[in-house]
Amino acid sequence: MIDRLRQSLQRFLPLFRRARLDQELDAEVAVHLDLAIDENRENGMSAEEARRQALIQLGGIAQTKENYRDHRGIAWLETLFRDLRFALRMLRKSSGFCVVAILALALGIGFSSIVFSIFYNGVLNPFPYRDANRLRAISVMDDRDATKQFRPVFHLDEIVAFRKQNHTFEDIVGVSSWDVLYARNGVTGLVHGCVMTPNATEFYGVPPMLGRSLMERDAQPGADPVVLLGYEYWKKEFQQDKSVVGKTMIIDNQARTVIGVMPPRFYLFGADFYALISGDRTEPSMADAMANNAPYFFFPNGILKKGISRDTANADLFAIAQRLVPLHKDDYPEKFHINTRGFSDAIVGDFKQTMFFLIGVVALLLLISSSNVASLLLTHHSARAKLIALRSALGASRGCLIRQLLLLVFAGLVIRSFIAITNFDPGISTKNMFVADIHFPGHQYDSAESKRAYFEQALARISAIPGVVSAATALGWPIEGGPRTEDVTIPGKPHDKHWTTSFEACSEGYFQTLGSRLLRGRLISSSDVAPARRIAVVNQTLSDQYFPNQNPIGQQIKFNVLDQIPGTPHDAYFEIVGIVSDFRNVGLQQSVQPEAFVPYTFSGFGDRNILVRTAANPNLFVNTFRQVLADVDPNPILSHPDTLEGLLHTHEYVKPKFRLISFGTCAGIGPGLALIGLFGVMSYSVALQTQELGVRMALGAQRSDILTLVLRKGVLLVGNGLFLGLLVAFLSVRILQSQLWGVSAFDPGAFVLAPLALLAAGLLACYLPARRATRVDPLVALRYE
Amino acid sequence: MGHTKLDLLQGTLDLMVLQTLASMGPLHGYGIARRIEQASGDEVLLNQGTIYASLVRLQQRGWISAEWGTSDNNRKAKFYSITKRGRKQLTEDAAYWQRLSTVMDRVLALPGEEVEP
């Protein structure tokens, strides 16, 4: 290979090195003459005669050089033309072969470049930020359960302390999402903003696409309120109108000047717009949160100084955090540590694994396609060493089969996994379920009583709409889960480990709307909701985990997180009155976690959701719902209307679907490639055997004998490859485990179907040449040399 | 010189150069030319200059490689040596020539009046 490369280089180099080569030749000829003269003088010639004879022997200096140059040029042109001619002849002679070979390579190369570009953007270089590889997310970890982060968010004063007192970071920034009202053309909607500490612009180092960046002075007291738009929002809301810069937007009831638009790749928080915040100047709608000292608010990001290890950084921040504990007692576990992790780990997460895996699969695919072409080439024109060629081609196609089987098994598993997720029974019916967010602006609905008054009317009116089966309100989304508490208190049940629980604040129609069954006791009734009675219904899992072999009904439970949220009942115990059947509550892929349901009137805090079970496609009802709700009160805003299936699609199916499509494509291209390879090899093998087959037939062999003979060879090859492939698959399938859900890595379906599919394809690839072999005319075959 | 020297058949010079390098090891152009002349018992008509055309051809095919070195009498000269591929080529070409010459011998050994001097 290297030799070949050097040779082709040498062939082209003369073009560029002509002068040097000429010089070398001059020197060589000069030495030649000198040597000849020396020898002639030793033989007793005079100096003059020696030189004359030397020139005669050489045949003249000019002629030698001329001759040399001719040959140099001719040899070069000659070989070039020879190669070209050969290539063209081969192309013409076997256009089918060429199409197949080019196609095989094109598929392999094309697909791998696509995957690599996804890989590059998704894993290698996912963020456009300055020093993205040193970007770290910071979180508090509870030593009692090291696998879980206690919180990834901090108070602004904590972030300021981290920023000022650390020795290991170049800078630390705090960012948070900020969903606020935006009024335009008389319509008020919710926009998704992102607020950042004033050093953010320099920190992320991404210049805006239009206009100017946010600057520290924009966060100064008395500065004009400004806003920087996100690309997607600018595209959607302003149709990429460049004149938007300088215009005014009424955000959070305040006129703000648009100063610029960020480029598409700047997707921090996926925000519609960006604004600055500082300790001494808070945004109006956040003033409450800040004043109330809302427990968790800002995500800190830091740029690690060069050469600082993770442990050093963790220890550095831990020392600062320890000084912060007295200020925020409830926000730190008894024993904790600070963890810093790469930004891409925090954001890209397990998508990375999928990508690494996919890259591996694509490499496999590329290997298959190139080994295919190699074996095709080998069998195609290596007349000199037919047997060697055939053997290596057979070997290559066995390797190809092994890889192919591996790919098929993997794809089979991924497909089964996707089917398992989409067909999975989450415990409730996901069909015809409308979900939406109700945002309550201002303070009108801060009290539990006002919320009750609103929902009583709203739910009654929605339920009265023809086609609506039932309606309910809740804090979280079904399946995606409600708020969580890291620990519960149950009188008489002290526990070392955290007992986590989701808790849902819902109306009496919740269970009926979702379709979850009562197993024991009773459900939440309207007479619990109105007086906000401290009762709770729990799911089967909570009962099994925290009350094993006990009847939980009548027991008390406290959700400790409530003690930390302003406006929720502190030190509140809820009496368990019923147990309902389990349904998924932390996403489809994770097992059911303990969950408790309490009347939504237990507190007035926060925005709420509505869930409506309809008899037909929920999307048909959106406008009716909007109208009905506006009739109750035009102020609350219905946002993010969707169906539960749509929601699941966004949150649950995207990754499995991505895997399905990518692996599926690989697996789809693969068998085609394997077939090509096998077919080529078998055809050639038959062609080589023509003479032998002719002799056999002349001696009386039947067609069926010939067919068996040829097929046996093919089946042996395929079987061999399949056996080894299965072995490799068994050994390597474990690495796929993390990409699967709901099926075992050793899923018999995949392990039986994939080899069968390949066997069928292999037999087909063998059968066609075998059939041709039976048509060999013995006379022709015998004459064949 | 009693009779005219042999003209070299097409392709034979390359084979001679390869064989010379294979048996003698690295040599400079003059050395190769002299060896061939000596081995042929001064039977071939060799313009020593044509050696260089042959050398460039062989080099481009990757059958020989070249390196500057110092000759016995301390002159800087380009030394050629045969490559692995060159040896392979030599084996094949030599076999071909041997077969051909055997066949020619046999054919020419056929009795016939016309050939009789």
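1. Helix H13 (residues 448-464) and helix H17 (residues 622-632), both of chain A, pack with their axes 9 Å apart, at an angle of about 145°. Axes here are lines fitted to C-alpha atoms, for helices over the stretch in contact, with angles from 0 to 180 degrees between N-to-C directions. Helices (H or I, at least four residues) and strands (E, at least two) are DSSP runs, numbered from the N terminus.

2. The model is predicted: local features need pLDDT of at least 70, side-chain atom pairs count only at pLDDT 80 or more, and totals for chains, interfaces and linings use all residues. Residues are numbered from 1 along each chain as its sequence is written.

3. From H13(A), Tyr454(A), Gln457(A), Ala458(A), Arg461(A) and Ile462(A) take part; they meet Phe625(A), Val628(A), Leu629(A) and Val632(A) of H17(A). Contact means C-beta atoms, placed from the backbone, within 7 Å.

4. In chain B, the axes of helix H1 (residues 12-24) and helix H4 (residues 84-108) cross at roughly 120° and come within 10 Å. H1(B) is therefore oblique to H4(B). Angles under 35 degrees count as roughly parallel, over 145 as roughly antiparallel, 65 to 115 as roughly perpendicular and the rest as oblique.

5. H1(B) brings Leu15(B), Leu18(B), Gln19(B) and Ala22(B) to this contact. Among the H4(B) partners are Leu90(B), Asp93(B) and Trp97(B).

6. Between the chains, 25 residues from chain A and 20 residues from chain B make the contact. On the side of chain B that touches chain A, helix H2 (29-39), helix H3 (50-60) and strand S3 (76-82) of chain B each give two or more residues. H3(B) supplies the largest share, 6 residues.

Definitions and conventions:
Chains are lettered from A and ligands numbered from 1 in the order in which they are written. Two residues are in contact if their C-beta atoms, placed from the backbone, lie within 7 Å.
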